[in-house]
Amino acid sequence: MISFIFRIIIGSIFLVSGLAKISDPVLFMLALREFQLFPEIIVPLTAIYLPWLEFILGLFVTTGLLYRTSSFILACLNFAFMIAILSVIIRGIEIDCGCFGLLADMLKVPDAADMKTVARNLLFTGMSLYIFRAKKTVFSLESYITKNRTKDRHIEHGG
Amino acid sequence: MKRVLVEGIFILILSLLITLLFNAATPSGIVMLKKAFRIKTDTGKVSAAEHMPYKQLGLP
């Protein structure tokens, strides 16, 4: 049950943040550029690819389809975000992390790249790893499909 | 672990395909693709929208 709650929390957060970035990729690209971490050629590519990856991972984790692999990728992503924000803090650069794109401005949510954001990413990494390590989860599309397949096999063998 | 690797590659490729399809199908996406792949415009500049805020382009 805990893994289901974590799935809904992490999945919906990444669905929403992915959608927010998809709706304004240029804003996300400018935020990425401010990190001064990536070569200029990679920044636009990352700005168009990462929001969609987040959106699809969020969708998979929420619906429970390929949720173990998706949560593992999410854990890796969150860890990478955490390292990126830590590097910005160490270099003394004061920027917004760009985590929620347009939504941060619209909802006036604090989105600065600080230790709170690092802690939040650490929490998300832990939650994602918990989902990955969980042996069972409820209300998942994957277990529903597996159950139906097993049922079909039983009927085939019985008949 | 092998399953995670195969599924992981599948998810990454699926996201890449959706990204390319979506961006190729919308005007704003084409601007982003041009930026991403450094396609030069007629004037020789990398992109007309290089330093222009997204909304000023009047794109959806």
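Reader: What is the handedness of the crossing of α1(A) and α6(A)?
Author: The crossing of α1(A) and α6(A) is left-handed, a term used if the near helix is turned anticlockwise from the far one by less than a right angle, with right-handed used if clockwise. Helices here are DSSP runs of H or I with at least four residues, strands are runs of E with at least two, and both are numbered from the N terminus. Please keep in mind that this is a predicted model, in which local features need pLDDT of at least 70, side-chain atom pairs count only at pLDDT 80 or more, and totals for chains, interfaces and linings use all residues. Residues are numbered from 1 along each chain as its sequence is written, while chains are lettered from A in the order in which they are written.

Reader: Which residues make the contact of α1(A) with α6(A)?
Author: From α1(A) they are A:S3, A:F6, A:R7, A:I9 and A:I10, and from α6(A) they are A:F124, A:M127, A:S128, A:Y130 and A:I131, where contact requires C-beta atoms, placed from the backbone, within 7 Å.

Reader: And which residues of α1(A) are buried?
Author: Among them are A:F6, A:I10, A:F14 and A:K21, and the buried residues of this helix pack against α2, α3, α4, α5 and α6 of chain A. Buried means that 20 or more other C-beta atoms lie within 10 Å of a residue's own, exposed means 12 or fewer, and partly exposed is in between.

Reader: Changing topic, is A:Q36 buried or exposed?
Author: A:Q36 is exposed, because 11 other C-beta atoms are within 10 Å. This residue sits in the loop between α2 and α3 of chain A and has a positive phi of about 50°, although it is not a glycine.

Reader: What about A:L66, buried or exposed?
Author: A:L66 counts as buried, because it has 23 C-beta neighbours inside 10 Å. Its place is the loop between α3 and α4 of chain A, and its phi, near 50°, is a positive value in a residue other than glycine.

Reader: How many residues of chain A are in contact with chain B?
Author: There are 17 residues of chain A in contact with 15 residues of chain B, and α3(A) gives the largest share of chain A's side, 7 residues.

Reader: How many helices does chain B have?
Author: Chain B has 2 helices and 0 strands, and buried residues make up 15% of its 60 residues.

Terms used
Contact = placed C-beta atoms within 7 Å.
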